[in-house]
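Student: I am new to this structure. Could you take me through one part of it closely?

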Amino acid sequence: MALVSLLVLLSLRLTPILAQFTVVDLTFDLGEFTPVFPGNPPFNFTILFRGKTGGGGWYELNYFGTTEHAGTHVDAPAHYSKGSWRVHEIPASNLVGPAVVIDVSQKATDNPDYQLSVEDVQAWETTYGRIPHGAVVLVNSGRDSLYPDASLVFGTPTPENVSTFHFPGHQSRGRHIPHKETGCHRCGS
Ligand SMILES: *[C@@H]1O[C@H](CO)[C@@H](O)[C@H](O)[C@H]1NC(C)=O
Ligand SMILES: *[C@@H]1O[C@H](CO)[C@@H](O)[C@H](O)[C@H]1NC(C)=O
């Protein structure tokens, strides 16, 4: 009951705050169809129990197992930087902020290997002004429309072969572009 009360209290307090923002659901459905990196185990959803309880009520219990880089997810800095934060070490406040969307979907359609450039960030700022400090910078590559077809998502007729992958990303120095230039904490694509 205490947890339910806390959640109700939180949602009552959050509702007027959230009303000031447009909340966008960026999540993809997860299932055995979810594209995963070659060799990774598939997403596993298993119903452990679904049925009536002795008291005449209803009870459901599911199990799910997944690799961490499947579907919509947070990539911790430790993913590519030894000794850096893992997800549980990222302060929750770093995961909330004004969102900025840099749209490179046309460029990524024309070139499946398109890489976000400094010029893309500068072009956004020329149009909209400085990226706010602490912003969540999201790069829209348009790839969401291809999900969950692994061949389309990975840009290859052989999605089991990493050497044939083609998909948009960041220039190697681009990985740091939004952070260095704007002080944003999180970059997504
Ligand atoms: C999925 O998880 C369930 C529950 O842990 C397990 O029994 C089953 O073997 C798993 N399936 C696969 C394909 O790994
Ligand atoms: C994977 O793709 C590369 C590049 O096309 C090719 O050279 C290699 O033979 C392929 N590997 C397999 C196992 O098919």
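Tutor: One face of S3 is covered, with Val-100 and Ile-102, while Ala-99, Val-101 and Asp-103 make up the uncovered face. Strands here are DSSP runs of E with at least two residues, and helices are runs of H or I with at least four, both numbered from the N terminus. This is a predicted model, in which local features need pLDDT of at least 70, side-chain atom pairs count only at pLDDT 80 or more, and totals for chains, interfaces and linings use all residues. Residues are numbered from 1 along each chain as its sequence is written, and chains are lettered from A and ligands numbered from 1 in the order in which they are written.

S3 has a partner: S3 and S5 pair in the parallel sense over 5 bridges (pairing takes at least two DSSP bridges between two strands). Within S5, Asn-140 stands opposite Asp-103.

Now back to Val-100 and Ile-102. Both belong to the largest nonpolar core, which has 12 residues, including Val-104, Ala-108 and Tyr-114. Such a core is a set of buried Ala, Val, Leu, Ile, Met, Phe, Trp, Tyr and Cys residues joined through C-beta atoms within 7 Å; buried means that 20 or more other C-beta atoms lie within 10 Å of a residue's own, with C-beta atoms placed from the backbone. Strand S3 (99–103), helix H3 (118–128) and strand S5 (136–140) each supply at least two residues of this core, and S5 gives the most, with 3 residues.
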